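Please study the sequence and the structure before reading each solution.

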Amino acid sequence: MTSFLDPLISFVSAHAWLGYLILFLAALLEAVPVVGSVIPGSTIILALSALVPGGELKLQWVLLAAALGAVLGDGSAYWIGHRRQREILNTWPLTNYPRVVAESESFFNRFGTWAVFFARFVPPVRAFVPVTAGALGMAPAKFYAVNIPAILAWAPAHVLPGVLAVSALHEYAGLPHHEHVGKHIWILTVVGVAIVGGAAVWLIRRRNGSGSAGAKPRAQ
């Protein structure tokens, strides 16, 4: 795994713009309904944040790329829902995920405007709440008034842990930046936790009868 990470780190260091593009796309796609439930956007952002302390990526541009991707992704989903209203919730591919759509609608009905804020930190409803907010008639001004502050909190929450962890490993554990050991530890930890967490969620949802793949479309 280390032999794979070293060339990757070197490549990103030589092509930083590509790293920022990946961060932007990870944040954007994570906010797209259905797609966001399978794209590990948060994992990618958390992992790449390890490249900030060594200078391969710059903190301000990492935060900006993640925030812009999230704004565009959430905003696009919201406007699709706002334009098509409840019809969008009863059309493909959302009809293949009736449980998550129902959870998102319940989440929105329970928390109201604040659902848009909280959903930024709660997968997998994060990928469904913006389109649900639009479909249920939430006003654009109200949506962005909550969504943008949520993203401004979400981006540092996904970037700074990696920055602080890798910096601490180098400063207090004496691991040199040029050997990338701290980066390896953080990236492997993030990927490992994501795999274990994803498997646990899949097993729980399967045990509870989630079965989204074989779900029938909701009635029109």
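At 1% relative accessibility, R120 counts as buried. The model in which this residue is examined is predicted.

**Exercise 1.** Determine which residue forms a salt bridge with R120, and where the two partners lie.

*Solution.* 
Step 1. The partner of R120 is D74, and the closest N and O atoms of this salt bridge are 3.0 Å apart.
Step 2. R120 belongs to the loop between helix 6 and helix 7, whereas D74 belongs to helix 4, so the pair ties together parts that are 46 residues apart in sequence.
Step 3. Buried means under 20% relative accessible area. D74 has a relative accessible area of 1% and is therefore buried.

**Exercise 2.** State how many salt bridges a search of the whole structure finds, and describe the one formed by E30.

*Solution.* 
Step 1. In one of them, the side chain of E30 meets that of R126, at 3.0 Å from N to O.
Step 2. E30 is in helix 2, and R126 is in the loop between helix 6 (114–119) and helix 7 (129–135). The pair thus links distant parts of the chain, 96 residues apart.
Step 3. E30 has a relative accessible area of 3% and is therefore buried. R126, with a relative accessible area of 6%, is buried.

**Exercise 3.** Are K183 and E56, which form a salt bridge, buried or exposed?

*Solution.* 
Step 1. The closest N and O atoms of K183 and E56 are 3.8 Å apart.
Step 2. K183 lies in helix 9 (residues 181–207), and E56 lies in the loop between helix 3 and helix 4 (59–84). The two residues are 127 residues apart, and the pair links distant parts of the chain.
Step 3. Both K183 and E56 are buried.

**Exercise 4.** Describe how helix 2 and helix 3 are arranged relative to each other, and name the residues that meet.

*Solution.* 
Step 1. The axes of helix 2 (residues 16–30) and helix 3 (residues 41–48) come within 8 Å and cross at roughly 150°.
Step 2. Angles over 145 degrees count as roughly antiparallel. Helix 2 and helix 3 are therefore roughly antiparallel to each other.
Step 3. The crossing in which helix 2 passes helix 3 is left-handed.
Step 4. From helix 2, the residues G19, I22, L23, A26, A27 and E30 meet G41, S42, I44, I45 and L48 of helix 3.
Step 5. Sorted by class, this contact has seven nonpolar, three polar and one charged residues.

How values were computed. Residues numbered from 1 in each chain as written. Predicted model: local features only at pLDDT ≥ 70, side-chain atom pairs only at ≥ 80, totals over all residues. Heavy atoms only, no water. Axes fitted to C-alpha atoms, helices over the stretch in contact; angles between N-to-C directions. Helix = DSSP H or I, 4+ residues; strand = E, 2+ residues; numbered from the N terminus. Parallel < 35°, antiparallel > 145°, perpendicular 65-115°, else oblique. Left-handed = near helix turned anticlockwise from the far one by under 90°. Contact = heavy atoms within 4.5 Å. Nonpolar A, V, L, I, M, F, W, Y, C, P; charged D, E, K, R; others polar. Salt bridge = Lys/Arg side-chain N within 4 Å of Asp/Glu carboxyl O. Buried < 20%, exposed > 50% of the residue type's maximum accessible area, 1.4 Å probe, protein only.
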